[in-house]
Amino acid sequence: GGVRNVLKDPLDVLRAISAAMENATRLGEFRRAVRAEGDTKAGLLRAASASREISTDFARHGAKTEALRQIAAFWNARVQGYDRLVRALRRDPVGTMVRISAGITLPSIILYAINRDDPEYWELPQWQRDLFWHVKIGGTWLRIPKPFELGIVFGTIPERILEWIDSQDPEGLRESLKDFLVGEIGGTVLPSVTAVLPLIENLANYSLFFRRPIVPRSMQDVEPRFQATERTSEVAKLLGRWTNTSPLKIDNLLFGWTGGLGRLASQTVDVAVDLARDPERVLDEISAARPEDVPGVRGVVSRAPGFASESVERFYRRLQEARSVRATVDHLEREERFDEADAFLADPRRQELLAQLRHLERVEDRLAQLRAQRAIIERDPNMPAAQKRREIEELGREAMELAREAIERRTPADAARR
């Protein structure tokens, strides 16, 4: 009977596995605490309390947050993260900071020192460098998730401060702080109904989890039904064509509402569609697959950034800033508010952006051409998958270098090369 129930409800299987892993961790801490506290009633109570503190206790909550817990998935866990930190600091401030420094800050600084002179590291999208520790093995970047609250505060922020000191470029620190505040305010301070959050993200075109635009800046002016990448699901592309809605935003809704199970289901549909269309091409793609293409593995492996590199993201951010300066000056001059326009342009940064605008727009045109070439290669039915990958990666490298030169980006790796 128990087997039949499990098979009827696969979600229970996932819950059981998660609970077993969580409880195994707590059991180990309980055994350690019993040895420390003694095998007495009071000692066992203290040991049980310690075992619940070893990881976030999802059963622990206040009566007043019960309603919020029902509508905001993980809100209780995120609040508890800060609550546990405050209680630990009150109980043992020195010991707590030593453990945090040894477990989070020190590894972050060591990995920063190892990676700082590698130009490839600085092209990994910043949201990935903020949320993960990266270790390069061979030519592959493995990524290890940082603890949500502590990892950002005590790991990422020190990394970005070191980056600022090394490169004299505050943009990384500024964006990390902004994304952290937006994410925490959006996910902790102002818990939102989980079912509504993806809709809000789509309206704002911003993913609070990934801390990046859902539709990349390069596609935001494109007809919605064509806003898709090579990783967009076939289901989303089909729905996008029918409704003239962005497939990228459809995927955001599907995965936001269904989580990992929805992603797995869409990948299964994608494989089935590809097999029906062209089974030989699917076999060719499987033979050319890399670790980052394999479900279950790609979560811990970073792709070659290319068109999604940090330099390309910063280029479009710079272009948007420059266009905003141009539009603001034009607006003020049309209304004959010349004194305000002069005061606005007194800022040397805005003068520099205005002077760069024409060059940035020329680079934008070249990036659009490179993307068009990539789309042609992706659709070529006769090109072998391995050759497609090589040519697309080459186009991505060209886009990355073009963007980096256009914004004259400075990184510690640049200083090392000089």
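Leu131 is buried in this predicted model, with a relative accessibility of 8%; buried here means under 20% relative accessible area, exposed over 50%, and partly exposed in between (1.4 Å probe, protein chains only). The residue belongs to helix H8 (residues 126-131), where helices (H or I, at least four residues) and strands (E, at least two) are DSSP runs numbered from the N terminus. Between Leu131 and Gly155, 24 residues apart in sequence, the C-alpha to C-alpha distance is 9.4 Å. Residues are numbered from 1 along each chain as its sequence is written. The model being predicted, local features need pLDDT of at least 70 and side-chain atom pairs count only at pLDDT 80 or more, while totals for chains, interfaces and linings use all residues; side-chain values use heavy atoms, with hydrogens and water left out.

The chain contains 19 helices and three strands. Of its 418 residues, 36% are buried. Contacts (heavy atoms within 4.5 Å) were considered between residues at least 6 apart in sequence, and 60% of these join residues at least 24 apart.

Helix H15 (residues 310-334) comprises 25 residues and spans 36 Å from its first C-alpha to its last, close to the 36 Å expected at 1.5 Å a residue; the expected span is 1.5 Å times one less than the number of residues. After H15 comes Glu336, which has a positive phi near 55°. Ser311, located in H15, is buried at 0% relative accessibility. Beyond its neighbours within four places in sequence, Ser311 contacts Glu123, Met400, Ala403, Arg404, Ile407 and Arg409.

The largest nonpolar core has 25 residues, of which Phe315, Tyr316, Leu319, Val325, Leu360, Leu367 and Leu370 touch the most other members. At least two residues of this core come from each of H15, helix H16 (338-344), helix H17 (348-379) and helix H18 (385-407), and H15 provides the largest share, eight residues. Such a core is a set of buried Ala, Val, Leu, Ile, Met, Phe, Trp, Tyr and Cys residues joined through side-chain atoms within 4.5 Å. With neighbours within four places in sequence set aside, Leu370 is in contact with Phe307, Leu395, Glu398, Ala399 and Leu402.

Ile200, in helix H11 (residues 197-204), is partly exposed, at a relative accessible area of 42%.
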